[in-house]
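Happy to go through this one with you.

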Amino acid sequence: MRALLAALLLAAAPAAAQDTTVTVHADRPGPTYDRRIFTQFAEHLGNGIYGGLWVGEKSKIANVRGYRKDVIGALKALGVPVIRWPGGCFADEYHWREGVGPRAKRPVKINTHWGGVTEPNTVGTHEFFDLAEQIGAEAYVAGNVGNGTPQEMAEWVEYMTSPAGTLAEERAKNGRKAPWKVPYFGVGNELWGCGGNMRAEYAADVTRRYATFIKAPAGTRILKIAAGANVDDYKWTETLIREASGQIDALSLHYYTIPGGGWPPRASATDFDEAGWADTLAQAWRIDDLITRHTAVMDKYDPQKRIWLAVDEWGTWFAQDPGTTPGFLRQQNTLRDALVAAIHLNVFAKHADRVKLSAIAQMVNVLQAMVLTDGAKMVLTPTYHVFMMYKPYMDGTVLPIDVKAGWYNKDQFVMPAVSASAVRGKDGVVRVALANMDPNRPNTVSATLAGVTATAATGQVLTADAINARNDFDAGDRVVPRAFTGAQVANGTLTVTLPAKSVVMLELR
Ligand code: AHR
């Protein structure tokens with residue numbers, strides 16, 4: 001089937017397959033590119049929290065109230081808008097009371113999902129909000145629907161947000177007088193799987209029930225995000241939105257880029273050839289079709305698009321790096337991950353009328369991480385740099401863009417050669433993002449700029465000498481953004497020579 005599709009696509013491909021024509025419609029401004037699309041997911045998993053963020057006040061690693069300064073500084077610079085915590089699968093076994101009060105008295109549990117290691121509960125509610133405050137992010141707290149009760153969930157919400165009452169007094173006794181803001185609350189996670197193996201119909205009822213008891217104090221608002229579908233489970237989306245739309249504000253979608261034949265992840269994060277490159281990028285492109293179809297289902301029941309689609313877990317999932325602790329999902333991050341990030345961030349622009357929040361998995365040391373640490377050392381991954389390049393998209397206005405690209409293919413893996421998006425930033429500057437899938441050939445992009453009066457294009461490029469180039473602790477940084485000089489504007493047309501295997505972010509002035 002795939003081979004047939006590849007043959008059909010190739011037959012339809014234009015002769016000058018490597019060249020691309022684009023029209024940017026600045027004259028037809030679209031929806032907001034919501035800053036919450038840059039949300040980060042931080043789970044109690046491997047060294048995602050412990051070691052990666054939290055080292056404790058007594059650590060030799062420089063820290064502020066237990067959080068390492070280097071990592072917090074890097075994340076702050078990125079402008080992370082929202083942090084999703086404490087899971088993932090971990091959330092549906094998490095009992096918040098075990099993570100408040102004197103740290104020495106907190107129970108030590110087993111992290112049954114991730115490596116069977118001990119979970120000291122050192123990072124609990126107060127520590128999480130300190131993390132969010134140090135980074136300058138809002139909180140997206142995921143509640144326990146799996147093995148918790150609605151009462152436990154309601155009391156956690158009250159503990160966090162209430163200005164008065166016994167739980168607020170307990171919070172104050174534990175060091176925090178003023179209530180925190182919880183703008184986003186997850187009604188469980190993956191209820192179809194680790195969150196309870198529920199059928200969609202049952203999950204819809206459970207969601208209605210739990211969401212009923214998530215109550216915001218007067219004058220505040222908590223957006224309730226229901227545990228949505230796995231990949232292409234459109235029936236799940238349909239059932240949840242049909243049955244529970246009255247109780248929720250968003251429905252999530254989880255989609256991981258898993259090359260090498262799918263689940264379980266077995267492809268190496270660093271040791272791959274061009275087929276492994278193309279397979280991964282082809283899997284990443286699937287996000288466009290998935291969002292289109294989930295959105296079509298949601299449109300049936302919510303044509304006004306009140307309910308967000310929150311793609312709150314996405315990113316690459318490879319076999320974990322050799323020699324790392326089983327269950328810790330530690331994987332290196334290469335130029336290939338940078339392209340995966342760019343594809344997603346461009347696709348989210350296309351669907352910005354429905355996708356208001358997305359969370360890459362995960363923030364530190366887990367899956368497609370922003371930052372990797374090794375003891376006191378830290379590196380910024382290629383994915384981090386893509387996020388930094390796209391940062392000016394936050395809360396800008398999406399500009400519709402038509403892209404006529406040729407095809408890039410390797411073996412049975414076929415995809416458009418160029419991924420693109422355009423956004424007018426809050427600073428008024430029009431930016432165009434372009435990514436070239438082809439690892440061997442540059443691509444000439446010719447873009448008509450409708451409604452843009454620009455005479456120059458400057459920007460940055462992220463590329464490297466090899467498809468698996470990475471930033472490593474001792475080898476130095478090989479994948480960092482550099483000034484880009486391959487773009488010109490003349491007579492309302494932008495011409496770009498996109499290097500092979502690259503991500504480019506341009507500013508038109
Ligand atoms: O991100 C790792 C895991 O992937 C999460 O805990 C879970 O929600 C998903 O299956």
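The questions below concern a predicted model and set its computed values against the cut-offs behind the words.

Q: What makes the link of Cys-89 and Cys-194 a disulfide?
A: Their sulfur atoms are 2.2 Å apart, and the cut-off is within 2.5 Å, so the pair counts as a disulfide. A search of the whole structure finds one disulfide.

Q: What is the handedness of that link, and what is the angle about the S-S bond?
A: The angle is -85 degrees, and the link of Cys-89 and Cys-194 is left-handed.

Q: Why is Cys-89 called buried?
A: Its relative accessibility is 11%, and buried means under 20%, so Cys-89 counts as buried.

Q: Which label does Cys-194 get: buried, exposed or partly exposed?
A: Cys-194 has a relative accessible area of 26%. Buried would need under 20% and exposed over 50%, so Cys-194 is partly exposed.

Q: Which residues of H7 meet H8?
A: From H7 they are Tyr-234, Thr-237, Glu-238, Ile-241 and Arg-242, and their partners in H8 include Asp-289, Leu-290, Arg-293 and His-294. The residues of this contact divide into six nonpolar, two polar and five charged.

Q: How do you know that helix H3 is mostly covered?
A: Ten of the eleven residues of H3 (residues 125–135) are buried. Among them are Phe-128, Phe-129, Leu-131 and Ile-135, along with the charged Glu-127 and Asp-130. Just after H3, Gly-136 has a positive phi of about 85 degrees.

Q: What is the angle at which H9 and H10 pack?
A: Helix H9 (residues 335–350) packs with helix H10 (residues 382–390) at about 35 degrees, their axes 7 Å apart. The crossing of H9 and H10 is right-handed.

Q: What kinds of residues make the contact of H9 with H10?
A: They divide into nine nonpolar, two polar and one charged.

Methods
Residues are numbered from 1 along each chain as its sequence is written. This is a predicted model: local features need pLDDT of at least 70, side-chain atom pairs count only at pLDDT 80 or more; totals for chains, interfaces and linings use all residues. Side-chain values use heavy atoms; hydrogens and water are left out. Contact means heavy atoms within 4.5 Å. Helices (H or I, at least four residues) and strands (E, at least two) are DSSP runs, numbered from the N terminus. Buried means under 20% relative accessible area, exposed over 50%, partly exposed in between (1.4 Å probe, protein chains only). Axes are lines fitted to C-alpha atoms, for helices over the stretch in contact, and angles run from 0 to 180 degrees between N-to-C directions. A crossing is left-handed if the near helix is turned anticlockwise from the far one by less than a right angle, and right-handed if clockwise.
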